[in-house]
Number of protein chains: 2
Amino acid sequence: MEELKQRILEKGVIAGVDILRVDSFLNHQIDPHLMDHIGKEFADRYKDAGITKVVTIETSGIAPALFAGFHLNVPVIFAKKAKSITLDSRTYESKVVSFTKRKEYRIVVEQAYLSEADTVLLIDDFLAQGQALEGLIDIIQQAGAKFAGAGIVIEKGFQHGGDKLRSRGLRIESLAIIDSMEHHRIVFRDNNLEE
Amino acid sequence: MEELKQRILEKGVIAGVDILRVDSFLNHQIDPHLMDHIGKEFADRYKDAGITKVVTIETSGIAPALFAGFHLNVPVIFAKKAKSITLDSRTYESKVVSFTKRKEYRIVVEQAYLSEADTVLLIDDFLAQGQALEGLIDIIQQAGAKFAGAGIVIEKGFQHGGDKLRSRGLRIESLAIIDSMEHHRIVFRDNNLEE
(Lines give C-alpha, C1' and ligand atoms only; values in the text may rest on other atoms or scores of the structure.)
Protein backbone atom coordinates (compact mmCIF):
# COMPACT_ATOMS: atom_id res chain seq x y z
CA MET A 1 0.00 0.00 0.00
CA GLU A 2 1.85 2.99 -1.33
CA GLU A 3 0.36 5.66 0.95
CA LEU A 4 1.38 3.64 4.02
CA LYS A 5 4.90 2.97 2.76
CA GLN A 6 5.41 6.67 2.05
CA ARG A 7 4.22 7.53 5.56
CA ILE A 8 6.60 4.98 7.08
CA LEU A 9 9.51 6.44 5.12
CA GLU A 10 8.57 10.00 6.08
CA LYS A 11 7.53 9.53 9.71
CA GLY A 12 8.87 6.18 10.93
CA VAL A 13 11.79 6.29 13.34
CA ILE A 14 14.23 3.39 13.50
CA ALA A 15 15.06 2.96 17.19
CA GLY A 16 17.58 0.19 17.71
CA VAL A 17 18.26 -2.90 15.62
CA ASP A 18 14.70 -4.06 15.07
CA ILE A 19 12.38 -1.41 16.54
CA LEU A 20 10.39 0.86 14.23
CA ARG A 21 8.52 3.64 15.98
CA VAL A 22 5.40 4.87 14.21
CA ASP A 23 4.04 6.84 17.16
CA SER A 24 3.17 9.84 15.02
CA PHE A 25 0.43 8.12 12.99
CA LEU A 26 -0.32 4.66 14.38
CA ASN A 27 0.76 3.84 17.96
CA HIS A 28 0.21 6.99 20.02
CA GLN A 29 -1.01 9.71 17.70
CA ILE A 30 -3.31 8.24 15.06
CA ASP A 31 -4.15 9.61 11.62
CA PRO A 32 -7.82 8.61 11.30
CA HIS A 33 -7.95 9.10 7.53
CA LEU A 34 -4.92 6.87 6.97
CA MET A 35 -6.63 4.30 9.23
CA ASP A 36 -9.75 4.59 7.08
CA HIS A 37 -7.72 3.89 3.93
CA ILE A 38 -5.98 0.96 5.66
CA GLY A 39 -9.31 -0.45 6.83
CA LYS A 40 -10.72 -0.06 3.31
CA GLU A 41 -7.73 -1.92 1.85
CA PHE A 42 -8.20 -4.83 4.28
CA ALA A 43 -11.92 -4.91 3.50
CA ASP A 44 -11.19 -4.99 -0.25
CA ARG A 45 -8.72 -7.84 0.11
CA TYR A 46 -11.12 -9.91 2.23
CA LYS A 47 -14.40 -8.85 0.63
CA ASP A 48 -15.15 -12.37 -0.69
CA ALA A 49 -14.07 -14.23 2.45
CA GLY A 50 -17.44 -14.13 4.22
CA ILE A 51 -16.05 -12.29 7.26
CA THR A 52 -18.49 -12.00 10.18
CA LYS A 53 -16.11 -10.63 12.86
CA VAL A 54 -12.90 -8.64 12.95
CA VAL A 55 -10.69 -9.49 15.93
CA THR A 56 -7.62 -7.64 17.21
CA ILE A 57 -5.64 -7.11 20.44
CA GLU A 58 -5.64 -3.97 22.53
CA THR A 59 -4.28 -1.33 22.12
CA SER A 60 -2.67 -0.43 18.82
CA GLY A 61 -4.62 -2.90 16.70
CA ILE A 62 -7.92 -1.23 17.51
CA ALA A 63 -7.70 1.68 15.04
CA PRO A 64 -7.03 -0.32 11.85
CA ALA A 65 -9.40 -3.09 13.02
CA LEU A 66 -12.18 -0.60 13.63
CA PHE A 67 -12.08 0.75 10.08
CA ALA A 68 -11.75 -2.75 8.61
CA GLY A 69 -14.93 -3.69 10.51
CA PHE A 70 -16.57 -0.47 9.38
CA HIS A 71 -15.94 -1.21 5.69
CA LEU A 72 -16.84 -4.91 6.05
CA ASN A 73 -19.99 -4.02 8.05
CA VAL A 74 -19.15 -6.43 10.88
CA PRO A 75 -18.45 -6.04 14.63
CA VAL A 76 -14.90 -5.63 15.92
CA ILE A 77 -13.67 -7.47 19.02
CA PHE A 78 -10.50 -6.53 20.81
CA ALA A 79 -8.89 -9.26 22.91
CA LYS A 80 -7.93 -7.91 26.30
CA LYS A 81 -4.49 -8.37 27.79
CA ALA A 82 -4.43 -9.95 31.24
CA LYS A 83 -1.51 -10.47 33.54
CA SER A 84 -2.62 -13.80 34.92
CA ILE A 85 -4.94 -16.69 34.20
CA THR A 86 -8.45 -15.53 34.93
CA LEU A 87 -9.95 -19.05 35.03
CA ASP A 88 -13.27 -17.63 33.95
CA SER A 89 -15.53 -20.20 32.33
CA ARG A 90 -17.06 -17.49 30.17
CA THR A 91 -13.82 -16.55 28.38
CA TYR A 92 -11.41 -17.95 25.81
CA GLU A 93 -7.81 -17.39 26.81
CA SER A 94 -4.41 -17.87 25.25
CA LYS A 95 -0.81 -17.10 26.13
CA VAL A 96 1.40 -14.74 24.15
CA VAL A 97 5.16 -14.43 24.55
CA SER A 98 6.37 -11.02 23.40
CA PHE A 99 9.97 -11.17 22.23
CA THR A 100 10.15 -7.40 21.78
CA LYS A 101 9.03 -6.63 25.31
CA ARG A 102 10.54 -9.82 26.78
CA LYS A 103 7.43 -10.68 28.70
CA GLU A 104 4.51 -13.05 28.68
CA TYR A 105 0.86 -12.09 28.86
CA ARG A 106 -2.52 -13.69 28.38
CA ILE A 107 -5.21 -12.56 25.97
CA VAL A 108 -8.87 -12.95 26.77
CA VAL A 109 -12.05 -12.87 24.67
CA GLU A 110 -15.52 -13.38 26.10
CA GLN A 111 -17.17 -16.49 24.70
CA ALA A 112 -20.40 -14.57 24.05
CA TYR A 113 -18.80 -12.78 21.10
CA LEU A 114 -17.22 -15.63 19.11
CA SER A 115 -18.82 -18.89 18.01
CA GLU A 116 -18.54 -21.60 15.39
CA ALA A 117 -20.87 -19.52 13.21
CA ASP A 118 -18.12 -16.90 12.79
CA THR A 119 -15.54 -16.37 10.07
CA VAL A 120 -12.81 -14.16 11.49
CA LEU A 121 -10.40 -11.63 10.05
CA LEU A 122 -7.54 -10.89 12.46
CA ILE A 123 -6.06 -7.40 12.33
CA ASP A 124 -2.92 -6.13 14.04
CA ASP A 125 -0.63 -3.15 13.71
CA PHE A 126 2.64 -5.14 13.66
CA LEU A 127 3.68 -8.68 12.81
CA ALA A 128 7.18 -9.65 13.95
CA GLN A 129 7.65 -13.14 15.39
CA GLY A 130 3.93 -13.81 15.01
CA GLN A 131 3.25 -14.69 18.65
CA ALA A 132 0.25 -12.40 19.01
CA LEU A 133 -1.36 -13.85 15.86
CA GLU A 134 -0.72 -17.38 17.13
CA GLY A 135 -2.55 -16.52 20.35
CA LEU A 136 -5.48 -15.03 18.46
CA ILE A 137 -5.67 -18.03 16.11
CA ASP A 138 -5.71 -20.28 19.20
CA ILE A 139 -8.70 -18.35 20.54
CA ILE A 140 -10.51 -18.61 17.20
CA GLN A 141 -9.96 -22.37 17.24
CA GLN A 142 -11.24 -22.63 20.83
CA ALA A 143 -14.40 -20.89 19.65
CA GLY A 144 -14.75 -23.30 16.74
CA ALA A 145 -14.79 -20.30 14.41
CA LYS A 146 -13.15 -20.17 10.99
CA PHE A 147 -9.90 -18.22 10.56
CA ALA A 148 -10.14 -16.49 7.18
CA GLY A 149 -6.81 -14.71 7.42
CA ALA A 150 -4.93 -11.81 8.92
CA GLY A 151 -4.49 -8.20 7.91
CA ILE A 152 -1.29 -6.61 9.15
CA VAL A 153 -0.38 -2.94 8.85
CA ILE A 154 3.40 -3.37 9.11
CA GLU A 155 5.18 -6.71 8.89
CA LYS A 156 8.81 -6.97 9.95
CA GLY A 157 9.78 -9.43 7.26
CA PHE A 158 13.26 -9.86 8.73
CA GLN A 159 11.77 -11.48 11.83
CA HIS A 160 10.07 -14.15 9.71
CA GLY A 161 6.84 -14.61 11.70
CA GLY A 162 4.75 -13.86 8.62
CA ASP A 163 6.61 -16.29 6.36
CA LYS A 164 6.35 -19.00 9.02
CA LEU A 165 2.56 -18.57 9.15
CA ARG A 166 2.26 -18.43 5.33
CA SER A 167 4.25 -21.67 5.04
CA ARG A 168 1.46 -23.32 7.04
CA GLY A 169 -1.00 -22.22 4.37
CA LEU A 170 -2.47 -19.36 6.40
CA ARG A 171 -3.48 -16.20 4.58
CA ILE A 172 -1.50 -13.20 5.85
CA GLU A 173 -2.01 -9.88 4.05
CA SER A 174 0.50 -7.22 5.09
CA LEU A 175 0.19 -3.70 3.71
CA ALA A 176 3.91 -3.00 4.14
CA ILE A 177 6.57 -5.66 4.61
CA ILE A 178 9.95 -4.41 5.78
CA ASP A 179 12.76 -6.77 4.84
CA SER A 180 15.59 -4.73 6.33
CA MET A 181 16.21 -1.72 8.56
CA GLU A 182 19.99 -2.06 8.48
CA HIS A 183 22.14 1.09 8.30
CA HIS A 184 19.04 3.13 9.26
CA ARG A 185 17.48 2.49 5.88
CA ILE A 186 14.07 0.87 5.40
CA VAL A 187 13.86 -1.65 2.57
CA PHE A 188 10.36 -2.85 1.66
CA ARG A 189 9.70 -6.28 0.21
CA ASP A 190 8.38 -6.03 -3.32
CA ASN A 191 4.88 -7.32 -2.64
CA ASN A 192 3.23 -5.67 -5.60
CA LEU A 193 1.97 -9.03 -6.78
CA GLU A 194 -0.08 -9.28 -3.61
CA GLU A 195 -1.47 -5.80 -4.05
CA MET B 1 -28.43 10.73 21.28
CA GLU B 2 -31.39 8.48 20.74
CA GLU B 3 -29.63 5.64 18.89
CA LEU B 4 -27.12 5.31 21.73
CA LYS B 5 -29.76 5.40 24.46
CA GLN B 6 -31.74 2.68 22.71
CA ARG B 7 -28.61 0.55 22.43
CA ILE B 8 -27.87 1.02 26.14
CA LEU B 9 -31.41 -0.02 27.04
CA GLU B 10 -31.26 -3.05 24.74
CA LYS B 11 -27.70 -4.25 25.33
CA GLY B 12 -26.39 -2.65 28.52
CA VAL B 13 -26.05 -4.91 31.56
CA ILE B 14 -26.31 -3.48 35.06
CA ALA B 15 -23.70 -5.31 37.13
CA GLY B 16 -23.76 -4.18 40.72
CA VAL B 17 -24.80 -0.87 42.19
CA ASP B 18 -22.98 1.47 39.84
CA ILE B 19 -21.43 -0.67 37.08
CA LEU B 20 -22.93 -0.64 33.59
CA ARG B 21 -21.42 -3.17 31.21
CA VAL B 22 -21.58 -2.23 27.54
CA ASP B 23 -19.15 -4.91 26.37
CA SER B 24 -21.31 -5.89 23.42
CA PHE B 25 -20.94 -2.63 21.50
CA LEU B 26 -18.34 -0.38 23.17
CA ASN B 27 -15.85 -1.93 25.61
CA HIS B 28 -14.93 -5.33 24.20
CA GLN B 29 -16.97 -5.90 21.06
CA ILE B 30 -17.38 -2.64 19.15
CA ASP B 31 -20.08 -1.66 16.67
CA PRO B 32 -18.08 0.44 14.18
CA HIS B 33 -21.15 2.07 12.62
CA LEU B 34 -22.47 3.18 16.00
CA MET B 35 -18.99 4.57 16.73
CA ASP B 36 -19.13 6.44 13.42
CA HIS B 37 -22.47 8.01 14.39
CA ILE B 38 -21.11 8.89 17.84
CA GLY B 39 -17.98 10.44 16.33
CA LYS B 40 -20.12 12.42 13.89
CA GLU B 41 -22.29 13.71 16.76
CA PHE B 42 -19.21 14.89 18.70
CA ALA B 43 -17.84 16.52 15.54
CA ASP B 44 -21.15 18.32 14.96
CA ARG B 45 -21.28 19.63 18.53
CA TYR B 46 -17.70 20.91 18.39
CA LYS B 47 -17.54 21.94 14.74
CA ASP B 48 -17.08 25.65 15.55
CA ALA B 49 -14.60 25.13 18.40
CA GLY B 50 -11.46 25.19 16.26
CA ILE B 51 -10.39 21.71 17.36
CA THR B 52 -6.87 20.72 16.22
CA LYS B 53 -6.44 17.49 18.23
CA VAL B 54 -8.69 14.84 19.75
CA VAL B 55 -7.23 13.27 22.90
CA THR B 56 -8.42 10.16 24.76
CA ILE B 57 -7.08 7.44 27.09
CA GLU B 58 -6.43 3.85 26.12
CA THR B 59 -8.29 1.55 25.66
CA SER B 60 -12.03 2.06 25.40
CA GLY B 61 -11.89 5.73 24.49
CA ILE B 62 -10.05 5.02 21.26
CA ALA B 63 -13.02 3.94 19.13
CA PRO B 64 -15.27 6.99 19.68
CA ALA B 65 -12.22 9.30 19.63
CA LEU B 66 -11.05 7.89 16.32
CA PHE B 67 -14.33 8.64 14.57
CA ALA B 68 -14.56 12.09 16.18
CA GLY B 69 -11.10 12.84 14.79
CA PHE B 70 -12.14 11.37 11.44
CA HIS B 71 -15.14 13.70 11.14
CA LEU B 72 -13.22 16.72 12.48
CA ASN B 73 -10.26 15.96 10.17
CA VAL B 74 -7.72 16.12 13.00
CA PRO B 75 -5.25 13.63 14.54
CA VAL B 76 -6.22 11.53 17.55
CA ILE B 77 -3.86 10.98 20.47
CA PHE B 78 -4.41 8.31 23.07
CA ALA B 79 -2.76 8.87 26.44
CA LYS B 80 -1.01 5.71 27.58
CA LYS B 81 -1.48 4.24 31.01
CA ALA B 82 1.70 3.67 32.97
CA LYS B 83 2.14 1.98 36.31
CA SER B 84 4.85 4.26 37.63
CA ILE B 85 6.38 7.65 37.07
CA THR B 86 8.47 7.43 33.92
CA LEU B 87 10.43 10.65 34.60
CA ASP B 88 10.88 11.13 30.89
CA SER B 89 11.59 14.72 29.92
CA ARG B 90 9.86 14.16 26.59
CA THR B 91 6.44 13.33 28.09
CA TYR B 92 3.59 15.03 29.92
CA GLU B 93 2.30 12.94 32.81
CA SER B 94 -0.57 13.07 35.23
CA LYS B 95 -2.01 10.88 37.95
CA VAL B 96 -5.49 9.34 37.83
CA VAL B 97 -7.24 7.70 40.77
CA SER B 98 -9.84 5.23 39.56
CA PHE B 99 -12.63 4.84 42.09
CA THR B 100 -14.25 2.04 40.10
CA LYS B 101 -11.12 -0.06 39.93
CA ARG B 102 -9.76 1.22 43.25
CA LYS B 103 -6.32 1.87 41.90
CA GLU B 104 -4.06 4.68 40.84
CA TYR B 105 -2.30 4.94 37.52
CA ARG B 106 -0.41 7.53 35.54
CA ILE B 107 -1.24 8.72 32.05
CA VAL B 108 1.44 9.76 29.62
CA VAL B 109 1.44 11.80 26.39
CA GLU B 110 4.56 12.55 24.37
CA GLN B 111 5.30 16.25 24.25
CA ALA B 112 5.87 16.09 20.51
CA TYR B 113 2.14 15.71 19.88
CA LEU B 114 0.63 18.52 21.98
CA SER B 115 1.63 22.18 22.09
CA GLU B 116 0.26 25.62 22.88
CA ALA B 117 -0.88 25.84 19.27
CA ASP B 118 -3.47 23.11 19.93
CA THR B 119 -7.16 23.29 20.80
CA VAL B 120 -8.16 19.96 22.26
CA LEU B 121 -11.37 17.95 22.37
CA LEU B 122 -11.21 15.21 25.02
CA ILE B 123 -13.19 12.04 24.31
CA ASP B 124 -13.88 9.16 26.67
CA ASP B 125 -16.28 6.26 26.82
CA PHE B 126 -17.43 6.83 30.42
CA LEU B 127 -17.55 9.76 32.83
CA ALA B 128 -18.19 8.83 36.47
CA GLN B 129 -16.20 10.71 39.12
CA GLY B 130 -14.33 12.61 36.43
CA GLN B 131 -10.84 11.60 37.52
CA ALA B 132 -9.67 10.54 34.05
CA LEU B 133 -10.85 13.83 32.54
CA GLU B 134 -9.08 15.77 35.30
CA GLY B 135 -5.84 13.97 34.43
CA LEU B 136 -6.25 14.70 30.73
CA ILE B 137 -7.07 18.37 31.40
CA ASP B 138 -3.92 18.54 33.54
CA ILE B 139 -1.87 17.26 30.60
CA ILE B 140 -3.47 19.78 28.23
CA GLN B 141 -2.56 22.55 30.66
CA GLN B 142 1.02 21.30 30.93
CA ALA B 143 1.24 21.52 27.14
CA GLY B 144 -0.13 25.07 27.21
CA ALA B 145 -2.88 23.91 24.85
CA LYS B 146 -6.50 25.08 24.96
CA PHE B 147 -9.17 22.75 26.38
CA ALA B 148 -12.26 23.22 24.20
CA GLY B 149 -14.37 20.64 25.99
CA ALA B 150 -15.08 16.97 26.43
CA GLY B 151 -17.24 14.50 24.56
CA ILE B 152 -18.45 11.58 26.65
CA VAL B 153 -20.32 8.57 25.35
CA ILE B 154 -21.98 7.57 28.64
CA GLU B 155 -22.04 9.78 31.73
CA LYS B 156 -23.04 8.29 35.07
CA GLY B 157 -24.91 11.34 36.27
CA PHE B 158 -25.46 9.84 39.71
CA GLN B 159 -21.70 9.94 40.37
CA HIS B 160 -21.65 13.71 39.74
CA GLY B 161 -18.22 14.03 38.07
CA GLY B 162 -19.79 15.72 35.04
CA ASP B 163 -21.79 18.25 37.05
CA LYS B 164 -18.70 19.09 39.11
CA LEU B 165 -16.74 19.85 35.94
CA ARG B 166 -19.64 21.84 34.42
CA SER B 167 -19.90 23.93 37.58
CA ARG B 168 -16.32 25.05 36.90
CA GLY B 169 -17.48 26.37 33.52
CA LEU B 170 -16.02 23.49 31.52
CA ARG B 171 -17.91 22.26 28.47
CA ILE B 172 -18.90 18.61 28.87
CA GLU B 173 -21.08 17.06 26.16
CA SER B 174 -22.42 13.64 27.07
CA LEU B 175 -24.45 11.67 24.55
CA ALA B 176 -26.29 9.73 27.25
CA ILE B 177 -26.50 10.76 30.90
CA ILE B 178 -27.74 8.09 33.29
CA ASP B 179 -29.22 9.56 36.45
CA SER B 180 -30.19 6.28 38.07
CA MET B 181 -29.68 2.54 37.71
CA GLU B 182 -31.63 1.65 40.84
CA HIS B 183 -33.90 -1.40 40.80
CA HIS B 184 -32.12 -2.56 37.62
CA ARG B 185 -33.78 0.20 35.64
CA ILE B 186 -31.86 2.80 33.65
CA VAL B 187 -33.19 6.37 33.89
CA PHE B 188 -31.71 8.88 31.48
CA ARG B 189 -31.43 12.57 32.28
CA ASP B 190 -33.58 14.62 29.95
CA ASN B 191 -30.80 16.35 28.12
CA ASN B 192 -32.73 17.13 24.96
CA LEU B 193 -31.97 20.80 25.37
CA GLU B 194 -28.29 19.97 24.93
CA GLU B 195 -28.98 17.91 21.83
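Which residue forms a salt bridge with A:Arg21, and how far apart are the closest N and O atoms? The partner is B:Glu110, with the closest N and O atoms 2.8 Å apart, a salt bridge being a side-chain nitrogen of Lys or Arg within 4 Å of a carboxyl oxygen of Asp or Glu. Across the interface of chain A and chain B, the rule finds two salt bridges.

This is a predicted model, in which local features need pLDDT of at least 70 and side-chain atom pairs count only at pLDDT 80 or more, whereas totals for chains, interfaces and linings use all residues. Residues are numbered from 1 along each chain as its sequence is written, chains are lettered from A in the order in which they are written, and side-chain values use heavy atoms, with hydrogens and water left out.

The totals for the two chains are as follows.

| Quantity, chain A and chain B | Value |
|---|---|
| Residues in contact (heavy atoms within 4.5 Å) | 34 residues of chain A, 34 residues of chain B |
| Buried area (accessible area, 1.4 Å probe, lost on being put together, summed over both) | about 3000 Å² |

Of that buried area, 63% lies on carbon and sulfur atoms, and in chain A the residues that lose the most area to chain B are A:His28, A:Gln29 and A:Leu66, together 23% of what that side buries.

Strand β5(A) (strands being DSSP runs of E, at least two residues) is joined by two bridges to β3 of chain B, residues 29–30, and the two run antiparallel. Within this pairing, for which DSSP must find at least two bridges, A:Val76 stands opposite B:Ile30 in β3(B).

Key. Buried area = accessible area lost by both parts, 1.4 Å probe. Helix = DSSP H or I, 4+ residues; strand = E, 2+ residues; numbered from the N terminus.
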